Amino acid sequence: MSNPVHSPDAASWSFAEDYIAPSPDVAEARDEATVNTITPISTGVAATLKMLTRAIDAKAVVEVGTLMGASGLTFLEGMGPDGILTSIDVEADNQIPARALFARGGFTSSRFRLISGSPIEIMPKLRDGAYDIVFINGDKLEYVEYVAGALRLLRHGGLLVVNDVLWHNHVADPDDESDEAIIIREALEAITGSESYTQAMLPVGNGMLVAVKD
Ligand SMILES: C[S@@+](CC[C@H](N)C(=O)[O-])C[C@H]1O[C@@H](n2cnc3c(N)ncnc32)[C@H](O)[C@@H]1O
């Protein structure tokens with residue numbers, strides 16, 4: 001039986017999402033992505049990512065899904081001056097505006113690696129146990145493989161952050177058998193069924209699963 005919950009109305013959701021404004025550069029990256037009809041991270045997700053990055057004093061972050069750089073810039077802003085972002089996207093063209101955005105934000109190229117190619121092929125080439133955060137925000141149909149790759153990449157105490165886990169209400173609807181819903185559920189089960197993590201699901205943006213590697 002599910003727990004009784006107090007459901008906030010749409011105004012409360014919007015209030016929470018917009019409560020902490022992203023930096024002007026992150027806002028611009030979001031706007032550019034939206035104009036191009038691709039979905040960037042939400043403002044609430046940006047605030048959450050920056051807070052988590054600061055909370056664990058992250059110095060090495062991997063993200064899957066660069067797009068225009070909104071989440072990447074959020075990590076760079078959240079990390080200290082020695083923090084390094086590794087961002088993977090299958091679309092090399094997506095990373096061009098991200099590179100320009102990071103440079104405009106004052107981040108030298110030594111602070112970030114933009115890798116274009118299949119995340120499934122690239123993640124195994126990164127160093128085991130070397131990362132403080134792995135942020136998954138790429139192709140939903142590959143979430144199971146990304147989650148498997150993340151477990152290897154994270155150090156103990158590192159955070160796995162999986163975005164869009166509620167995916168437009170598809171995942172919570174037991175009658176929804178779309179490919180995205182099925183695969184996101186599988187990815188979630190791999191995390192919750194693993195003894196390697198302690199996790200929580202946050203209803204921010206389109207849903208975020210945050211898990212600390214024990
Ligand atoms: C949601 S966007 C990433 C958003 C980004 N992290 C941000 O902060 O704005 C997803 C990224 O995954 C890549 N991708 C690859 N295959 C995809 C697919 N089938 N559907 C959506 N995105 C896909 C896209 O190139 C895109 O940059």
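In what order do the 7 strands of the open sheet lie? The order is β3-β2-β1-β4-β5-β7-β6, and the pairing is mixed; two strands pair if DSSP finds at least two bridges between them. At the edges stand β3 (112-116) and β6 (197-202), each with a single partner strand, so one side of each has no neighbour in the sheet. From one strand to the next, the twist averages 15 degrees.

The model is predicted: local features need pLDDT of at least 70, side-chain atom pairs count only at pLDDT 80 or more, and totals for chains, interfaces and linings use all residues. Residues are numbered from 1 along each chain as its sequence is written.

The chain has 8 helices and 7 strands. Helices (H or I, at least four residues) and strands (E, at least two) are DSSP runs, numbered from the N terminus. For 214 residues, a compact globule would have a radius of gyration near 17 Å, and the chain agrees with 16 Å. That radius is taken over C-alpha atoms, and the globule rule is 2.2 Å times the number of residues to the power 0.38. Along the principal axes, the C-alpha atoms fill a box of roughly 50 × 40 × 30 Å.

Within the sheet, β4 (residues 131-136) and β5 (residues 154-163) pair in the parallel sense over 5 bridges. I136 stands opposite V162 in β5. Helix α7 (residues 143-153) lies across β1 (60-64), β4 and β5, and runs at about 175 degrees to β4. Axes are lines fitted to C-alpha atoms, for helices over the stretch in contact, and angles run from 0 to 180 degrees between N-to-C directions. Two residues are in contact if their C-beta atoms, placed from the backbone, lie within 7 Å.

With 16 C-beta neighbours inside 10 Å, S116 counts as partly exposed; a residue is buried if 20 or more other C-beta atoms lie within 10 Å of its own, exposed if 12 or fewer, and partly exposed in between, with C-beta atoms placed from the backbone. Leaving aside neighbours within four places in sequence, S116 is in contact with D89, A92 and Q95. S116 and V90 are 26 residues apart in sequence but 5.3 Å apart in space, C-alpha to C-alpha.

Of the 18 residues around the ligand, P40, G65, A70, S71 and D139 come nearest; a residue is near a molecule if its C-beta atom, placed from the backbone, lies within 6 Å of it.
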